[in-house]
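Here are my notes for a colleague who is meeting this structure for the first time. Please read them with the model open beside you.

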Amino acid sequence: MAKWKSYKRKFTYNKYHKSSEEWLKHDSIKDMKERQFIKRQLINSKGAICALCGEPIEDMKECTIDHIVPVSKGGLTTLDNCQLAHQKCNLLKGNLTNEE
């Protein structure tokens, strides 16, 4: 009888707890939805214009979210700390702030 109880515990643990891959997949989907929401909010408020070069963003595939204060320097992913930028402009900027 004791063996059956231990088997049942293992089964319920595996059945109701997510694996590490499932947690990573869940987090990446959550992050993707958050980025999409921020992009939409920035486009609605400021238009689809690159904050770094001032040119319009023609294709949403080249549109990225640029952190004004980079994440590596303590910046958060909030609407106040984000701006739209071309992918190339954002890569050139790197982890610098707008003032640097």
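**Notes on the fold and its contacts**

1. Strand β2 spans residues 82-86, and five of its five residues are buried, where buried means a relative accessible area under 20%, exposed means over 50%, and partly exposed lies in between, with a 1.4 Å probe and protein chains only. In a regular strand the side chains alternate between the two faces of the sheet.

2. A word on the basis of these notes: this is a predicted model, in which local features need pLDDT of at least 70 and side-chain atom pairs count only at pLDDT 80 or more, whereas totals for chains, interfaces and linings use all residues. Residues are numbered from 1 along each chain as its sequence is written, and side-chain values use heavy atoms, with hydrogens and water left out.

3. The protein has three helices and two strands, and from the N terminus on these elements run α-α-β-β-α. Helices (H or I, at least four residues) and strands (E, at least two) are DSSP runs, numbered from the N terminus. Of the 100 residues of the protein, 21% count as buried. The accessible surface comes to about 8,100 Å², of which 57% belongs to carbon and sulfur atoms; such areas come from the Shrake-Rupley method with a 1.4 Å probe, and for residues only the protein chains shown count as cover.

4. Strand β1 (residues 63-67) pairs with β2 in the antiparallel sense over five bridges, pairing being assigned if DSSP finds at least two bridges between two strands. One of the residues to look at here is Asp66, whose bridge partner in β2 is Gln83. The C-alpha atom of Asp66 is also separated by 9.3 Å from that of Gly94, which is 28 residues apart from Asp66 along the chain. Gly94 sits in the segment after α3 (87-93) and is partly exposed, with a relative accessible area of 41%.

5. Which residues make up the largest nonpolar core? It has ten residues, namely Ile38, Leu42, Cys50, Ile57, Cys63, Ile65, Cys82, Leu84, Ala85 and Cys89. Helix α2 (20-46), β1 and β2 each supply at least two residues of this core, and β2 gives the most, with three residues. A nonpolar core is here a set of buried Ala, Val, Leu, Ile, Met, Phe, Trp, Tyr and Cys residues joined through side-chain atoms within 4.5 Å. Leu84 touches, among others, Leu42, Cys50, Ile57 and Cys63, residues up to four places away in sequence not being counted; contact means heavy atoms within 4.5 Å.

6. The cysteines deserve a careful look, as the structure holds zero disulfides, a disulfide being a pair of cysteine sulfur atoms within 2.5 Å. The sulfur of Cys50 is 3.7 Å from the closest cysteine sulfur, in Cys53, and this is too far for a bond. Cys89 is likewise in no disulfide, the nearest cysteine sulfur, that of Cys53, being 3.8 Å away. Cys50 counts as buried at 2% relative accessibility, and Cys89 is buried with a relative accessible area of 18%.

7. Thr64, in strand β1, is buried with a relative accessible area of 18%. Its side chain makes a polar contact with the side chain of Asn90 (3.0 Å), where a polar contact is a pair of N or O atoms within 3.5 Å; within protein, one must be able to donate a hydrogen and the other to accept it, and residues adjacent in sequence count only if both atoms are side-chain atoms.

8. Is Lys93 buried or exposed? Lys93, which lies in helix α3, is buried, with a relative accessible area of 11%. A polar atom of the Lys93 side chain lies 2.9 Å from the backbone oxygen of His67, and the residues that Lys93 touches include Leu52, Asp66 and Gln83, not counting residues up to four places away in sequence.

9. Ser72, found in the loop between β1 and β2, is exposed, with a relative accessible area of 56%. The side chains of Ser72 and Asn95 are joined by a polar contact of 3.4 Å, and the two residues are 23 residues apart in sequence and 7.0 Å apart in space, C-alpha to C-alpha.
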